[in-house]
Amino acid sequence: PQLRCNHLSRCSTAATFSTLKPTAAAPQAPPLGKYAVPSRYLQPHPSNNITPHIASLVGRDLHLRPSHPIGIIRSKIQEYFASLSTDNNTTYTIFDAEDPIVTAQQCFDDLLIPPDHPGRAPSDTYYVTDTRLLRTHTSAHQSQHLRSGVDAFLCCGDVYRRDEIDATHYPAFHQMEGVKLMSPESMIGAEGLNEEQWLHSPECQLIEADLKATLEGLMDHLFGPTEKRWNDDFFPFTQPSYELEIYHNDEWMEVLGCGVIHEQVLHLSNRSDRRGWAFGLGLERLAMILFKIPDIRLFWTEDDRFHRQFKEGQIVEFQSYSKFPPVFKDIAFWTNDERTTNQDDFVENDFFDLVRSTAGDLVEKIELIDSFTHPKTGRSSRCYRISYRSMDRNLTNEEIDGLQFKVRDETATLGCEL
């Protein structure tokens with residue numbers, strides 16, 4: 001269960017420089033993980049929509065680097081749950097090195113995500129074949145671990161989604177999933193209840209109370225004592241479902257989604273005799289808040305000016321080493337022709353992926369600045385503004401003009417007319 005949050009602050013466009021100086025030589029990149037094999041993901045299958053850029057991100061294992069902000073947050077969360085074993089005799093098994101390729105059954109069906117859900121569409125998900133894909137959430141491993149007989153676990157890893165491009169969205173990010181099944185003795189009164197009776201039962205309320213107390217403790221562990229509030233929410237795989245917000249830096253911020261595991265999910269996992277809770281959170285979301293990192297692309301840099309600021313186990317405020325000015329380029333195109341005015345098959349995420357694949361992490365943001373439908377012909381057009389910005393050097397117009405011409409050429413492959 002995971003909530004994508006879009007409320008983080010944008011980067012300033014001002015060009016400023018800090019006193020941090022670049023090192024004489026680039027640092028040696030950490031060794032890649034066992035899943036860093038791009039050819040695994042670039043298979044010649046008609047359903048495959050994984051780009052070389054995405055394939056190059058798999059296996060970087062940022063969450064396993066002890067001095068990386070993502071790894072520091074992961075360790076602190078695991079540290080908190082390890083401390084609970086002495087309080088309530090619950091030991092959480094750790095899973096943090098699982099194959100990012102999962103089946104549609106694992107990622108969707110086992111979690112009651114319906115066949116027509118937009119999250120299943122190729123516009124949102126990276127498919128290896130028609131039935132295998134890059135996981136879109138760590139919940140994709142929930143059923144396999146429940147089937148294996150584990151009663152409490154934390155699952156952490158990189159996940160992939162086709163999405164918009166801005167300072168808080170990246171097609172690869174990291175999640176932490178947590179699951180706990182309650183003891184059979186504490187759930188005896190739930191036997192034989194129908195759905196309505198279960199939702200109002202003392203046993204369901206017991207799970208809800210344990211879930212909320214656990215996650216409120218986690219927030220205090222990460223942020224210090226802080227004000228919190230709970231909101232009702234909906235996820236197909238939990239019932240009831242909630243989101244947790246904390247009051248931080250004078251504003252309410254959504255930090256995670258959670259709920260009581262849906263009875264049918266437990267049934268599909270061969271654990272119909274048990275009840276429990278699950279939660280999911282985004283590590284980038286928490287790291288951007290705690291370390292005050294303004295741009296999600298920074299997590300993927302190998303620039304030593306970024307990495308030397310962080311040490312294992314420590315949360316410190318990120319000091320910007322450069323803010324180079326952006327270069328803006330606009331692109332406008334028709335998304336259908338006069339023969340298909342009643343049909344517009346343009347998928348925005350396809351365009352975003354195309355730009356990212358062409359220009360990589362030099363793309364900071366893409367925004368729609370105008371759209372138009374011709375009153376006589378019915379043709380539709382869109383105009384996007386692409387913001388190019390490097391995090392470690394100035395960009396020249398000539399360099400970006402070259403990339404922009406490539407973007408224009410590639411856009412035509414989407415059936416668009418410039």
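The largest nonpolar core of this predicted model holds 67 residues, and Ile-77, Phe-81 and Phe-299 have the most contacts inside it. Helix α7 (residues 202–223) gives the most to this core, with eight residues. A nonpolar core here is a set of buried Ala, Val, Leu, Ile, Met, Phe, Trp, Tyr and Cys residues joined through side-chain atoms within 4.5 Å. Buried means under 20% relative accessible area, exposed over 50%, and partly exposed in between, with a 1.4 Å probe and protein chains only. Helices (H or I, at least four residues) and strands (E, at least two) are DSSP runs numbered from the N terminus.

**How to read the model**
- Residues are numbered from 1 along each chain as its sequence is written, and side-chain values use heavy atoms, leaving out hydrogens and water.
- Because this is a predicted model, local features need pLDDT of at least 70 and side-chain atom pairs count only at pLDDT 80 or more, while totals for chains, interfaces and linings use all residues.

- Leaving aside neighbours within four places in sequence, Phe-81 is in contact (heavy atoms within 4.5 Å) with Tyr-92, Leu-154, Thr-214, Leu-218, Trp-277 and Phe-279.
- A second, separate core has 22 residues, including Val-102, Leu-146, Val-150 and Ile-261.

**A buried histidine**
- You will find His-137 in the loop between β4 (132–134) and α5 (142–147).
- His-137 counts as buried because its relative accessibility is 7%.
- Not counting residues up to four places away in sequence, His-137 touches Cys-107, Leu-111, Ile-113, Val-159, Arg-161, Gln-175 and Phe-237.

**A covered helix**
- Helix α9 (residues 283–290) is mostly covered, with eight of its eight residues buried.
- Among the buried residues of α9 are Glu-284, Arg-285 and Met-288.
- Just after α9, Lys-292 takes a positive phi of about 55°.

**A three-stranded sheet**
- Three strands form an open sheet in the order β12-β14-β13, with antiparallel pairing; two strands pair if DSSP finds at least two bridges between them.
- β12 (327–334) and β13 (363–373) are at the edges, each with a single partner strand, so one side of each has no neighbour in the sheet.
- Neighbouring strands of this sheet are turned by 20° against each other on average, direction ignored.
- The antiparallel pairing of β12 with strand β14 (residues 380–388) runs over eight bridges, and Phe-333 stands opposite Arg-382 in β14.
- Helix α12 (residues 397–411) packs on the sheet, touching β12 and β14, and its direction makes about 20° with that of β12.
- For these angles, axes are lines fitted to C-alpha atoms, for helices over the stretch in contact, and the angles run from 0 to 180 degrees between N-to-C directions.
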